[in-house]
Amino acid sequence: MSEHASGAKESPLSRSHRHPSSAAGADRPSAPVPGSRVTVRTPAKVNLHLGVGARRDDGYHTVITILQAVSLYDEITVAAVDGAAVDPDAVEPAVSVEVTGEGAAGPAAPLVPLPGASGRPGPSSQPGDAVASAAAARISLVPTGVDNLAVRAAHVLAARAGVRGAAAHMTMAKGIPVAAGMAGGSADAAGSLVAFDVLWGTGLDRSVLSELAAGLGSDVPFPLAGGTALGTGRGEQLTPVLGRGEYHWVFALADGGLSTASVYAEFDRLSQGRLRTEPTPPDAVLAALRTGDPVELGRALVNDLQPAALRLRPSLRRVLETGVELGAVGAIVSGSGPTCAFLARDAEQSVALAASLAGMGVCRAVRHAHGPVSGARVVDPGGSAG
């Protein structure tokens, strides 16, 4: 988290972006300086423990999870653009999206007006916007319109801070596997919050960014914080976990994704008639983290959703078995899947394990990473995008 994102003092850029209602006596805001740019790097996550309870009346499940940020990253770059690209009568910010790397396909989507605090499209909305955005989404694994969680993050930040009259281009450089149970979309949303907070100079406190993140999705607050954390409630209420050591992971990526909703629905079906309705407690993982011993942590890994994921994708069972046969000290389906995560004894073994898995033909691709790592960070604080 950058100092600016944690509440640094207001910059001149901040004052130029704010809506008159956000600062007493402020003049009508001018457009942002074209070419101003901010890049934020955000990490993927792996669930060391994912305990899931029965479905609640609000449709969510009670979750107790221990998350670790790992060194697979997405980079979110936001740049102010010439306001002439937007309807000159528009008062609401607009954003365009371009995706590179993992899951990218097709050209950038057109500018999409951001809704104001009411959540309704602003006066700059045009009938063709939704059609153009939907067409872009069909040719990209990562949505490039208003259904992209990072764009929605810009919506809520603008509404909260009173930002109006700004236009920006967002480039998402994807290094986190897409639809893989590693919270890539949530990492992008977290990166978007931090990046636009800096670009627009809103200076929101870290706790406010976390509140906005929780409203976007249960997994979004964690990439802001990074490290290792205990998540409760829907998983969005985070408490840092103190542990020892560095852990080395190998991730086996599957063809296609698994719908999180489908996995939870299968979990509910498999849970019918069972006496236990509470999430599996995380005591074993917490104890293992205190020792810093990867072998002990490997034995303690738990995912209550894993039986449901394996029922929907039986081939993952063979992937898990293969990783263990090759020497992994721990094996687990990552989140709702379909990625399988393997814990290695050390960095050297992780490289060997990754190479062996890649040669076995049981998965689409293999990545190795280490954790814990820091959360969303500004890596390019600004300057000209040209």
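The model is predicted: local features need pLDDT of at least 70, side-chain atom pairs count only at pLDDT 80 or more, and totals for chains, interfaces and linings use all residues. Residues are numbered from 1 along each chain as its sequence is written, and side-chain values use heavy atoms, with hydrogens and water left out.

**Helix 5**
- Helix 5 (residues 206-216) has the buried residues V208, L209, L212, A213, A214 and L216; buried means under 20% relative accessible area, exposed over 50% and partly exposed in between (1.4 Å probe, protein chains only).
- These buried residues pack against helix 3 (149-161), helix 4 (184-199) and helix 6 (221-225), where contact means heavy atoms within 4.5 Å.
- Helices (H or I, at least four residues) and strands (E, at least two) are DSSP runs, numbered from the N terminus.

**Cysteines**
- The whole structure contains 0 disulfides, a disulfide being a pair of cysteine sulfur atoms within 2.5 Å.
- The closest cysteine sulfur to that of C340 belongs to C363 and lies 8.4 Å away, too far for a bond.
- C340 is buried, at a relative accessible area of 1%.

**P281**
- P281 sits in the loop between helix 7 (260-271) and helix 8 (283-291).
- P281 is exposed, with a relative accessible area of 52%.
- Although P281 and V52 are 229 residues apart along the chain, their C-alpha atoms are separated by 9.4 Å.

**Lining of the largest pocket**
- Helix 7 supplies the largest share of this lining, 5 residues.
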